[in-house]
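Trainee: Could we go through this model together? I would like to begin with what counts as a contact.

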Amino acid sequence: LSLALYASSLCAASSAAFFYHDYCVIGAGPSGLQMAYFLQQASRDYIVFERSHAPGSFFALYPRHRKLISINKQHTGKTNSEFNLRHDWNSLLSHDRRLLFQHYSRDFFPNADVMVRYLEDFASLLKLQVQYNTAIIHVTLERDEQAWNGHYFLLTDQDRQNYKCSSLLVATGTWVPNVVNFPGSEYVEGYETVSINPEDFAGQTVLILGRGNSAFETAENILGVTNFIHMVSRSRVRLSWATHYVGDLRAINNGLLDTYQLKSLDGLLEGDLEDLAIIKDKKGKLHITLRFYLENRNTSASIDSITLPQDELDNFATRAPYDRVIRCLGWKFDFSIYNRSLRMMPGKENEKKYPQIKPSYESKGSRGLFVLGTASHSIDFRKSAGGFIHGFRYTTRAVHRLLENRHHGVPWPSTVYPITQLSNSIIKRVNEASGLYQMFSVLADIILLRENATAFEYLEEYPVGILAELEMQTGRKAPNGLFVIIMEYGRNFSGADKDVFYYNRAVGEAQHAWQSNFLHPVIYYYKHLPTEREMKLRPPDWPLPRPDAIHHIVEDFLTDWTAPNAHILPLRRFLENCLSTDLRNFFAESCFLFAFTHQKLPPFCRQGYIRMQGLMGSEELRRHAAEAGLLEDYTPSDFSGDRAPDRREGSQDQLLRDRVIPVRPLQHLVNAKDE
């Protein structure tokens with residue numbers, strides 16, 4: 001009996017040792033805090049675990065030279081807050097305007113210390129539930145059919161405290177340095193520990209391994225004091241202005257390209273780092289050789305007996321010895337804390353530094369485990385901005401909306417409009433939406449058509465990779481067809497080898513909009529929701545399957561798609577062709593004539609004039625329309641003098657065409673009146 005009671009007490013203690021929350025977030029970096037904000041706004045039970053004493057610990061150390069490459073544009077000439085977020089790459093999303101990054105720094109490229117302070121304020125001012133000094137060291141599963149996803153996630157921290165949660169949100173980023181092992185790699189200094197004092201490099205010859213922003217940032221810091229700098233990597237340099245990927249080399253760090261191409265001793269080389277070897281001589285100098293020269297070497301042989309490449313090729317590029325070799329190869333995801341039961345596997349090839357996830361940002365191995373922030377960048381690696389704050393603040397919101405629908409029955413937010421507002425709604429979003437703009441080709445607005453195309457339902461910033469699952473993931477139905485609004489670059493405009501400054505690179509005519517190179521809106525029309533098979537068989541480099549119809553809004557130098565002729569009119573005609581309806585706006589006088597001469601009224605008249613709504617004509621409006629050449633001027637002055645009145649002999653249809661005000665020039669006038 002005593003043994004039974006003791007065992008029972010142990011079980012009770014073990015059960016009580018688990019602190020339960022519906023949602024557990026690992027990491028209080030930007031993506032973790034962003035998810036915490038959305039969970040708190042929805043009044044959900046959650047906790048954020050942070051190993052450090054403050055949020056944003058990554059930014060307390062990186063970048064080493066403290067200058068961020070995320071822009072902080074103070075002025076855009078606009079007061080629209082959503083539009084301004086297109087050019088604010090540091091702010092997280094919240095209702096508190098005090099938490100806009102522009103209030104923390106006026107620098108275009110801010111200091112990383114400011115980001116640390118910003119994240120601290122974001123967590124404290126919004127009273128987010130963050131548990132600091134808690135390093136999660138092990139994560140496993142506990143099967144339970146009653147759990148949301150068929151299992152619970154069990155977490156253990158450094159003090160052996162246990163936690164249980166129904167849904168796990170991983171926001172740890174990528175922080176484990178990439179290391180290449182080769183003979184002599186012990187002589188290599190890491191980016192994470194190398195000195196940032198330029199004077200420590202005075203008069204030295206330096207070799208940098210890597211070719212990303214951290215490598216060029218390091219080179220930029222010591223460019224003026226070294227003898228020369230060589231940089232070696234297996235791939236050629238990729239310039240962000242050519243690839244249109246913000247993670248590639250940015251102009252702020254590329255001073256070494258000048259000194260290389262202008263023959264000022266510095267240089268870039270291509271080669272596989274795993275084929276290298278480093279030999280240290282008696283004077284402490286580091287010599288570069290190739291691994292195969294050492295394969296058959298007697299380990300007891302003296303350094304002087306080692307064959308170097310220059311012994312056979314006397315103009316070998318790296319024949320000069322180096323004082324220091326620095327590794328700047330970026331970071332990878334930490335897989336070590338996850339038990340095999342979670343099946344957290346690395347991606348393939350270039351994406352092996354990220355965990356494998358679905359386009360919904362859910363792990364391929366464990367239902368209910370979602371990856372947020374930089375670690376989720378495999379979805380759009382080298383394509384869009386999902387690995388950076390200005391991108392994953394929107395993908396994190398998308399994940400939250402998916403969770404709200406799955407676990408709490410809250411459908412994806414949407415707004416229903418009459419069909420007459422279709423073109424207006426699209427034009428409004430493509431001109432101001434930041435999520436579409438930053439996460440181009442990844443997030444899209446979805447327009448679900450109602451029966452007979454009398455109305456539509458508008459969903460914002462849905463992941464296009466799971467378009468086939470839209471009804472299940474959002475709780476919305478799409479039985480009558482849909483439009484997908486997305487932002488895209490030209491198909492062949494981005495790439496490391498592209499000349500993005502070539503003559504006639506821009507398209508200005510609406511009829512050539514499909515050839516637009518710069519970022520521009522594209523509207524896909526589907527009569528039926530695409531299937532999973534259609535998504536898998538979509539053309540290479542297409543974000544979506546082939547639609548029933550497609551429309552490109554021509555690129556614009558000002559990214560202002562409001563030109564009546566170039567942007568609005570072609571869009572309206574595309575929508576009309578897809579829906580077989582007339583989407584123009586009319587004066588009440590025109591609707592009155594339609595009612596007597598046509599069996600079917602345009603939607604604007606049916607939903608406005610017939611319901612005793614709409615825009616009534618006035619003398620001022622008539623005069624404006626007549627002066628603009630939009631309406632015949634039937635004032636008595638037309639019949640003065642010797643000129644006879646213009647007696648039109650056309651049909652009633654011709655009369656209607658004379659009297660109807662086209663939507664193109666009237667558009668903003670109607671909107672202004674409605675407002």
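Mentor: Contact here means heavy atoms within 4.5 Å. Please keep in mind that this is a predicted model.

Trainee: With that cut-off, which residues is Leu155 in contact with, leaving aside its neighbours within four places in sequence?

Mentor: Leu155 is in contact with Cys24, Ile26, Phe49, Ile136, His138, Val139, Gln161, Asn162, Tyr163, Cys165 and Leu168.

Trainee: And which residues touch the most other members of the largest nonpolar core?

Mentor: Leu155 and Leu168 do, in a core of 66 residues. Helix α5 (residues 112–125) gives the most to this core, namely eight residues.

Trainee: Why does this core lie between domain 1 and domain 3?

Mentor: Because domain 1 (19–175 + 332–402) and domain 3 (412–579) both give residues to it. There is also a second, separate core of 29 residues, which includes Val430, Leu436, Phe440 and Ile447.

Trainee: Changing topic: where is confidence lowest, and where highest?

Mentor: The lowest mean pLDDT, 39, belongs to helix α21 (residues 663–674), and the highest, 98, to helix α2 (residues 30–41). The chain averages 87, and 89% of the residues score at least 70.

Trainee: How many contacts does the model have for residues 638–675, beyond four places in sequence?

Mentor: It has 54, although pLDDT stays under 50 over that stretch. Where pLDDT is low, the predicted coordinates should not be read in detail.

Trainee: Finally, what span does helix α16 reach?

Mentor: Helix α16 (residues 564–579) reaches 21 Å from its first C-alpha to its last, close to the 22 Å expected. Just after α16, Ser580 takes a positive phi of about 55°.

Note on methods. Residues numbered from 1 in each chain as written. Predicted model: local features only at pLDDT ≥ 70, side-chain atom pairs only at ≥ 80, totals over all residues. Heavy atoms only, no water. Core = buried A, V, L, I, M, F, W, Y, C linked by side-chain atoms within 4.5 Å. Buried < 20%, exposed > 50% of the residue type's maximum accessible area, 1.4 Å probe, protein only. Helix = DSSP H or I, 4+ residues; strand = E, 2+ residues; numbered from the N terminus. Domains from an automatic or database assignment. pLDDT = per-residue confidence, 0-100. Expected span 1.5 Å × (residues − 1).
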